[in-house]
Amino acid sequence: MKFICDEMLGSMAKWLRILGYDTKYVKNMKDEEIAKIAREEERILLTRDKKLASKFKNSIYLENNGLKNQLRRIIKELALEIDDKNLLTRCIICNEKIEKIDKEKVKGMVPEHVYESHEEFYICPKCKRIYWIGTHFKNMKKFIESIKL
Ligand SMILES: [Zn+2]
């Protein structure tokens, strides 16, 4: 399942990527263009725009009721399965799949204390951002657990 989020839904796009879903985030784009990408790439369109949602069948209109409720709604409506092994498999900035990288190679690219206390690192092939399973990731997991409730 793949998604496209309109510009009102930046944090939604980020969270869908954290959950491992291929999610495009578009800005300054006409409705027709967004619908075209959604159709061609078979993406479910998530939008805060009722008009846009009504024009495009494979879409979900989201109310402005907070990220948690919006995520719950999508998870319920699409029966999404939140699988821990999919978490943090995608760059949250550019949506690319991240790849494992040897620890030695990230020396100097991450804070020293992070380097010393972690063994596994990942890199985004596009923006070269380095990822590791740290405190930040644990907080993400907590948030995800709270959505499931
Ligand atoms: Zn990236």
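**Note on the predicted model**

1. In this predicted model, helix α1 (residues 10–18) packs against helix α4 (residues 67–77) at an angle of about 55°, with the two axes 11 Å apart; the axes are lines fitted to C-alpha atoms, for helices over the stretch in contact, and angles run from 0 to 180 degrees between N-to-C directions. That angle makes α1 oblique to α4, given that angles under 35 degrees count as roughly parallel, over 145 as roughly antiparallel, 65 to 115 as roughly perpendicular and the rest as oblique. On the α1 side the contact is made by Ser11, Met12 and Trp15, and on the α4 side by Leu67, Gln70 and Leu71, where two residues are in contact if their C-beta atoms, placed from the backbone, lie within 7 Å. The crossing of α1 past α4 is right-handed (left-handed if the near helix is turned anticlockwise from the far one by less than a right angle, right-handed if clockwise).

2. As to conventions, residues are numbered from 1 along each chain as its sequence is written. Local features need pLDDT of at least 70 and side-chain atom pairs count only at pLDDT 80 or more, whereas totals for chains, interfaces and linings use all residues.

3. The chain has 6 helices and 7 strands, where helices (H or I, at least four residues) and strands (E, at least two) are DSSP runs numbered from the N terminus. Read from the N terminus, the order of elements is β-α-β-α-β-α-β-α-β-α-β-β-α.

4. Strands β5, β6 and β7 form, in that order, an open sheet of 3 strands with antiparallel pairing; two strands pair if DSSP finds at least two bridges between them. The edge strands, each pairing on one side only, are β5 (99–101) and β7 (130–132), and neighbouring strands of the sheet are turned by 45° against each other on average, direction ignored. Strand β6 (residues 121–123) is joined to β7 by 3 bridges, and phenylalanine 121 has tryptophan 132 in β7 as its bridge partner.

5. Helix α6 (residues 135–148) has 14 residues and should span 20 Å at 1.5 Å a residue, which agrees with its end C-alpha atoms being 20 Å apart; the expected span is 1.5 Å times one less than the number of residues. The count of buried residues in α6 is 0, a residue being buried if 20 or more other C-beta atoms lie within 10 Å of its own, exposed if 12 or fewer, and partly exposed in between, with C-beta atoms placed from the backbone.

6. For the chain as a whole, 23% of the 149 residues count as buried, and the C-alpha trace spans about 50 × 35 × 20 Å along its principal axes.
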